[in-house]
Amino acid sequence: MKVLLLGMNHRTAPVEVRERFAVAETGPVLQKLIDRPEIGEAVLLSTCNRVELVVTTENLDSAKHVMLEFFARELADGELQSKESLSEWTFFKQGREAVEHVFRVASAIDSMVIGEPQILGQVKDAYREATEVDACGAVLSRLYQRAFATAKRVKNETGIAERPVSVARVAVNLAKQIFEDLESKSALLIGAGEMIEAALVALDDHGLGDRRIANRTRSNAEALAEKFSGTAHGLDELESLLPLTDVVLTCVGGDGPVLTRFQVETALVGRSGRPLFLIDMGVPRNVDPTVHELDSAYLYNLDDLQSVAATNEAERRREAERAERIIFEEREHFDGWLVALQAVPTIRDLRRRTESIRQAEIERYAGRLGLSPDQQEALEKLTKGIVNKIMHAPISRLRDETDREMGLARLEEARNLFGLDDEGDEREVLSRRQNPSDEGKIS
Amino acid sequence: MKVDLVIFQHIAAALYLAAGVGAILGLMLPAPRMMRGARWGLGLGAVAQAIAFGTLHRVESAPSLTDLPQAIAIMAWLSVIFTLCLLVRFRLPGFVPPLAFVAFLSGFGATFVGPESVPDAGAGGSIPHAHVLLASAGLAALGVAGLAGLFFLIEHRSLKRRRVSARKLPLPSIETLDDVNRIALVLGFLLLTLGVLTGSLWIHSRSGLFWSGSLHEVWNVIAWMIYLGLVVARFGGRQGARQASASAVAGFAFLLFSVIVVGMFS
């Protein structure tokens, strides 16, 4: 049983390709896939950045063919010109590489924005949809449960999700470094364009208190104020609004600064030293840069916020290296479990094989020896005891091996040594049971 | 009784040490449960130290708290109590480790130095105790103001340089730090004033004068006058939050010097 993964993500395919393969509901398409004999279990993850299919299979080559066909026919609705172009955009991973990849995706190490929180929910949804259509069995269920546990460990044991990497989140975090509680604070938004509207949406999410919107064209400010439960003002009111404000956000056109150092300095006097956080998103800048020199004023422009975001992203990359160690540990655990699981059929075959040999040999001799029922029972016990004692050590070793490579090699050896895949031997045993007179013949 | 005193002092020191280590781990990991445990450790340490001080009072009827190591231990203990009260209202994660370690060092150090007797210490009844307790409480509150000021300056500098540290500083917002600084400054100054007044009464009970002109008195009155200036500047609107923080740090450094260094030579 091998785990096989066929994927396409933001690194391997452009968005215009990825969007052709994206599916809203993965359940129905998965149902068609698991009807194929080459596929054991399957989970399909489809997000805006990746489409990834994970399956279990006994036959890798056939499964690869089926998976490519599934991508081309089911996901792309047959729009694809040829399989060659599909292989340009996709990648295969198998065995431990596939397992590691699933863990990395769930832990957001493989995401475009490392540490982003959405992917774990999307992986959980993909797994849930697969279980709903019975596409998930013991192996993939275990794999995804471990993936969720790995993601939790990565989140708790590294700082991968601690630092914001979007400009909006950086601004909110800075505001929290200045003010303890944003809900009781008031914001002054200067401008009424798209950036200000986006900022208002972000402020809504973080529960900032009063919002005052000031703009040259008052009617535009009024429209935004109505939409976001704020108050509308003209730019001529800035001086009276500033002392009442804790956070100022500006993005308005014009040549000169809208807020001068003098205006801010005067406002700070009226604020009894309370801090003022200013975010200047205007190009050219709307706030005199020397405002940052004032003790209680903290001025950040778009470049500053982007620079903080870049620093945070670099920090997340460093944390991702720590996360890789956790992923390695978890993959080792999963491998151990998978080997133990794969040992089960071999152990079962081994027991069946030795038992069939034992029974065949007893049948060959029992009638000729003319044993009484008691003696027959004693013979049964004796032979069973011998077989069990001989098989105890090899079976224990097969069961206890947790290293994947070593374990799989051992299973293979056991199957060869005991001829478990040899149908001829099995038939010979059966024929001996049917023709005990062949006893003693050497071929 | 002596054994009880040492045992409780050791228990308090051990709890403070555990709280300090726990708080550092809690901040680094970060582990909120460990932080909560550290706060409990700090609180229990304060209780154990309170029992130790109670025992000390029973051993030395008068005045057992006038020697320097004990006075510093009391100051650290009162800082812990004051901070625990502030924690009810403010989120002050970064305050726990330094306070816990200072309380540990001062508490543990006090176990090696037995309370010394002061000549004429019995004079003035309970005034010497009131003086030591009030002055120590004032020092404790002003110490917390200094710590808040120091943290404010660190955070302010980080915001002004627009450089974000590799890991977010485990500090409250600068708004909170400024609030803590303001509250601690007012309370500390009031207690220090009462400490200076009771000190004067104590001198009067011993010598009939309110002012003996000793080095200790001179430096403490200078420190008190400095703080009077800081309070006037702060509440007269002449100081911003940054200047107030810097002043709180400098003021406390001066106060410590006048209490510890001058105390050792006077």
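Does A:Phe334 count as buried or exposed, and at what relative accessibility? In this predicted model, local features require pLDDT of at least 70 and side-chain atom pairs pLDDT 80 or more, whereas totals for chains, interfaces and linings use all residues. Residues are numbered from 1 along each chain as its sequence is written, chains are lettered from A and ligands numbered from 1 in the order in which they are written, and side-chain values use heavy atoms, without hydrogens and water.

A:Phe334 has 1% relative accessibility and therefore counts as buried (under 20% relative accessible area, with exposed over 50% and partly exposed in between; 1.4 Å probe, protein chains only). A:Trp337, at 22%, counts as partly exposed. The two residues form a tilted aromatic pair, with 5.7 Å between centres and 35° between planes. Rings of Phe, Tyr and Trp (its six-membered ring) pair if their centres lie within 6.5 Å; planes under 30 degrees apart count as stacked, over 60 as edge-to-face and the rest as tilted. Because A:Phe334 and A:Trp337 are three residues apart in helix H13 (residues 302-369) of chain A, about one helical turn separates them. Helices (H or I, at least four residues) and strands (E, at least two) are DSSP runs, numbered from the N terminus. Ring pairs join A:Phe103 to A:Phe334 and A:Trp337 in a cluster. Over all chains, the structure holds 13 aromatic pairs.

The largest nonpolar core comprises 67 residues, and A:Leu53, A:Phe71, A:Leu143 and A:Tyr144 have the most contacts inside it. Such a core is a set of buried Ala, Val, Leu, Ile, Met, Phe, Trp, Tyr and Cys residues joined through side-chain atoms within 4.5 Å. Helix H3 (residues 60-75) of chain A supplies the largest share of this core, nine residues. Another core, of 52 residues, lies apart from it and includes A:Leu189, A:Leu305, B:Phe151 and B:Ala184. Residues up to four places away in sequence aside, A:Leu143 touches A:Val3, A:Val54, A:Val99, A:Val102, A:Phe103 and A:Phe334 (contact: heavy atoms within 4.5 Å).

Chain B has eight helices and zero strands. Of its 266 residues, 48% are buried. Among contacts in chain B between residues at least 6 apart in sequence, 82% join residues at least 24 apart.

Two charges sit over rings (NZ of Lys or CZ of Arg within 6 Å of the ring centre and within 35 degrees of the ring normal). B:Lys160 lies over the face of A:Tyr298, 4.8 Å from the ring centre. The charged end of B:Arg206 is placed over the ring of B:Trp202, at 5.2 Å from its centre.
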